[in-house]
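Hi there,

Here is the structure I promised to pass on to you. Please open it next to this email, and then read on for what turned up in it.

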Amino acid sequence: MAPEEDAGTELLLQSFERRFLAARALRSFPWQSLEAKLRDSSDSELLGDILQKTVKHPVCVKHPPSVKYVRCFLSELIKKHEAVHTEPLDELYEALAETLMAKESTQGHRNYLLPSGGSVTLSESTAIISHGTTGLVTWDAALYLAEWAIENPGAFTDRTVLELGSGAGLTGLAICKMCHPRAYIFSDCHSRVLKQLRGNVLLNGLSLEADITANLDSPRVTVAQLDWDVATVCQLSAFQPDVVIAAGNAQPRAPCAGGVLAAPPSS
């Protein structure tokens with residue numbers, strides 16, 4: 001394989017890996033590029049590599065997305081294979097059979113790879129609206145804000161950060177892991193969101209402020225109930241923040257630099 005072809009294959013594998021771990025919309029995957037690669041190849045090695053980078057990825061095995069998502073992804077992968085190759089690929093069918101036998105869940109995981117080599121893992125509701133709130137899933141605005149923060153760590157280093165409407169916690173967890181704040185306050189107003197937030201903080205190896213076993217090298221982390229629509233200046237000041245941030249649910253029009261967090265915007 002020529003060096004340029006090898007590099008192209010590696011980029012394709014990386015794209016599938018990052019999108020799948022973050023449970024991005026299947027339409028955002030580079031399916032056309034995959035089809036072109038499969039036509040040029042006489043074997044199914046590429047599909048086997050994709051399987052290892054996605055469904056069988058160690059992070060995915062430990063913190064898998066929803067069963068329905070994995071099933072749909074594998075079905076699409078099988079379609080691409082069957083369109084080019086006449087011989088079935090046992091690995092793909094075995095993986096699909098496992099999902100057909102698995103129980104559905106109301107929760108799934110998204111895993112965002114960080115430039116440091118680590119990751120942010122979120123447990124989320126599989127429904128956009130659940131328990132009367134949209135805060136149990138991650139919105140693109142949170143991803144864009146996290147990307148900006150990682151590119152501008154000086155805005156948060158050694159500072160106390162208050163985030164309004166933290167939702168599932170992506171932005172704050174990325175900042176805690178990459179920007180070294182002194183303290184970070186996640187906040188939201190919905191009880192279910194707050195419960196999920198606390199769970200995601202612990203899932204990512206951070207400790208809540210009341211934990212006496214907290215790692216002194218990590219920021220002091222607090223999850224607070226706060227309705228930013230009616231919060232007063234006095235209430236906000238009580239947290240003594242140096243920085244206050246928030247990400248709205250609407251997707252911003254301005255493009256965001258790609259590759260900071262491994263979850264490209266869906267197209």
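There are seven salt bridges in this predicted model, where a salt bridge is a side-chain nitrogen of Lys or Arg within 4 Å of a carboxyl oxygen of Asp or Glu. One of them joins the side chains of E35 and K80, at 2.9 Å from N to O. E35 belongs to helix α2 (residues 31-40) and K80 to helix α5 (residues 67-84), so this pair ties together parts that are 45 residues apart in sequence. Helices (H or I, at least four residues) and strands (E, at least two) are DSSP runs, numbered from the N terminus.

K80 also meets E76 in a salt bridge, this one at 3.4 Å from N to O. Both sit in helix α5, four residues apart, which means about one helical turn separates them. Through shared partners, salt bridges link E35, R39, E76 and K80 into one network. Is K80 buried or exposed? With 14% relative accessibility, K80 counts as buried, while E76 is partly exposed at 22%. The cut-offs are these: buried means under 20% relative accessible area, exposed over 50%, and partly exposed in between (1.4 Å probe, protein chains only).

Another salt bridge connects E104 with R71, with the closest N and O atoms 3.0 Å apart. R71 is in helix α5 and E104 in the loop between α6 (90-101) and β1, so the pair ties together parts that are 33 residues apart in sequence. E104 is partly exposed, its relative accessible area being 48%.

Before you go further, a word on how to read all this. Residues are numbered from 1 along each chain as its sequence is written, and side-chain values use heavy atoms, with hydrogens and water left out. As this is a predicted model, local features need pLDDT of at least 70 and side-chain atom pairs count only at pLDDT 80 or more, whereas totals for chains, interfaces and linings use all residues.

How confident is the predictor? That is what pLDDT tells you: the predictor's confidence in each residue, from 0 to 100. The average for the protein is 84, and 82% of the residues score at least 70. Two stretches need care. Over residues 128-136 the pLDDT stays under 50, and the model has 23 contacts there beyond four places in sequence; a contact means heavy atoms within 4.5 Å. Residues 250-267 are also below 50, with 41 contacts beyond near neighbours in sequence. Where pLDDT is low, the predicted coordinates should not be read in detail.

Next, the strands. β1 (107-113) and β2 pair in the antiparallel sense over seven bridges; two strands pair if DSSP finds at least two bridges between them. L113 has S119 of β2 as its bridge partner. The two strands form a hairpin with five residues between them, and G117 in the turn has a positive phi of about 100°. How many residues of strand β2 (residues 119-125) are buried? Seven of the seven are, so β2 is largely enclosed by the rest of the structure. S119, T121, S123 and S125 point one way from β2, and V120, L122 and E124 point the other way.

Helix α7 (residues 140-151) is worth a look too. Its 12 residues should span 16 Å at 1.5 Å a residue, and the end C-alpha atoms are 17 Å apart, which agrees; the expected span is 1.5 Å times one less than the number of residues. Of those 12 residues, 10 are buried, including L143, Y144 and I150. β1, α8 and β6 (243-246) are among what covers them.

Most residues other than glycine have a negative phi. D158, in the loop between α7 and β3 (160-164), has a positive phi of about 60° although it is not a glycine. H180, in the loop between α8 and β4 (183-188), has a positive phi of about 55°. D158 is exposed, with a relative accessible area of 53%, and H180 is exposed with a value of 53%.

Last, the cysteines. The structure holds zero disulfides, a disulfide being a pair of cysteine sulfur atoms within 2.5 Å. The sulfur of C176 is 8.9 Å from the closest cysteine sulfur, in C179, which is too far for a bond. C176 is buried at 6% relative accessibility, and C60 is buried with a relative accessible area of 4%.

Happy exploring!
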